[in-house]
Structures are given as C-alpha cells and as structure tokens.
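Take a first look at the protein chain below.

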Amino acid sequence: MRLRVEFTTEPFDLDEAPAHAVVAREVIQSAELDAVDVGPFGNTAEGGADAVLTAVDELLRKSLAAGATRVSLQVNVLDGSGEAGK
C-alpha cells in the first residue's frame with residue numbers, strides 16, 4: 001500500500017523557519033520516501049505504508065519536542081495511479 005502524507009507545523013513565522021519546521025523538514029527529507037515536496041505553508045511526501053508511518057511518528061515526536069504547538073496532517077491511501085482513493 002502506498003500513502004501520501006500532507007502536513008504543517010505551527011506556530012508560523014514568516015521571517016524565518018522555526019526550529020520545529022526545520023526539524024520536520026529534515027525528518028521527511030531523510031526518510032525513505034519519494035515525491036517529497038517541502039514548502040513554507042505545507043509539505044507532502046509519498047511512499048510505502050511502513051516508511052510513511054515511521055516518518056510520521058518521528059515527525060510528530062521531533063517537531064513537538066522542537067516547539068511545535070500544533071501539527072496538522074492528513075494521510076491518504078493512494079490507488080495504483082498515484083491518486084488518493086475515494
């Protein structure tokens with residue numbers, strides 16, 4: 001099974017990336033995932049279920065420890081074409 005995770009961490013800082021956002025980005029970029037896209041207002045990554053779920057666990061633990069007060073995330077199951085299932 002393939003999954004797509006989309007997430008943001010808060011609080012936002014438009015002047016420079018807060019520590020929790022940097023940590024979250026490092027976790028997702030170093031995980032064994034593909035189709036990683038990080039940005040200032042949202043991040044996405046895709047991969048096998050085990051890899052995505054492992055990355056989400058690490059992402060939550062490390063970003064909260066680094067000062068995130070809120071982590072919003074959505075996980076979708078992808079069908080064979082790479083689209084989210086309905």
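**A first stop on the chain**

Pro11 sits in the loop between E1 and H1. A cis peptide bond joins Glu10 to Pro11, with omega at about 10 degrees. Keep in mind that this is a predicted model.

**Overall layout**

- The protein chain has 2 helices and 4 strands.
- Along the sequence, these elements follow the pattern β-α-β-β-α-β.
- The radius of gyration is 13 Å, close to the 12 Å that the globule rule gives for 86 residues, so the chain is as compact as a globular protein of that length.
- Along the principal axes, the C-alpha atoms fill a box of roughly 40 × 20 × 20 Å.
- Take the contacts between residues at least 6 apart in sequence: 65% of them join residues at least 24 apart.

**The sheet**

- The 4 strands form an open sheet in the order E2-E3-E1-E4, and their pairing is antiparallel.
- Which strands stand at the edges? They are E2 (34-38) and E4 (70-78). Each has a single partner strand, so one side of each is left without a neighbour in the sheet.
- On average, neighbouring strands of this sheet are turned by 20 degrees against each other, direction ignored.
- As a general point, strands of a sheet pair through backbone hydrogen bonds, either parallel or antiparallel.
- E1 (residues 2-10) and E3 (residues 43-48) pair in the antiparallel sense over 6 bridges.
- On screen, look for Glu6, which stands opposite Thr44 in E3.
- Helix H1 (residues 19-30) lies across E1, E2 and E3. H1 runs at about 165 degrees to E1.

**Surface and core**

- Of the 86 residues, 29% count as buried.
- The accessible surface of the chain comes to about 5300 Å². Carbon and sulfur atoms account for 50% of that surface.
- In soluble globular proteins, nonpolar side chains tend to be buried together.
- The largest nonpolar core here has 14 residues. Val5, Phe7, Ile28, Leu33 and Val52 touch the most other members.
- Which elements give two or more residues to this core? They are E1, H1 and helix H2 (49-65).
- H2 gives the most, with 5 residues.
- Ile28 deserves a click. Leaving aside neighbours within four places in sequence, Ile28 is in contact with Val5, Phe7, Leu33, Val36, Val38, Ala45 and Ala55.

**Asn43, a residue in E3**

- Asn43 lies in strand E3.
- Is Asn43 buried or exposed? Its relative accessible area is 12%. That is under the 20% cut-off, so Asn43 counts as buried.
- Beyond its neighbours within four places in sequence, Asn43 is in contact with Val5, Glu6, Phe7, Thr8, Asp37 and Val38.
- Asn43 and Val22 are 21 residues apart along the chain. Their C-alpha atoms are separated by 12 Å.

**Ala35, a residue in E2**

- Ala35 lies in strand E2.
- Ala35 has a positive phi of about 55 degrees, although it is not a glycine.
- With a relative accessible area of 49%, Ala35 is partly exposed.

Definitions and conventions
Residues are numbered from 1 along each chain as its sequence is written. This is a predicted model: local features need pLDDT of at least 70, side-chain atom pairs count only at pLDDT 80 or more; totals for chains, interfaces and linings use all residues. Side-chain values use heavy atoms; hydrogens and water are left out. Two strands pair if DSSP finds at least two bridges between them. Axes are lines fitted to C-alpha atoms, for helices over the stretch in contact, and angles run from 0 to 180 degrees between N-to-C directions. Contact means heavy atoms within 4.5 Å. The radius of gyration is taken over C-alpha atoms; the globule rule is 2.2 Å times the number of residues to the power 0.38. Buried means under 20% relative accessible area, exposed over 50%, partly exposed in between (1.4 Å probe, protein chains only). Accessible areas come from the Shrake-Rupley method with a 1.4 Å probe; for residues, only the protein chains shown count as cover. A nonpolar core is a set of buried Ala, Val, Leu, Ile, Met, Phe, Trp, Tyr and Cys residues joined through side-chain atoms within 4.5 Å.
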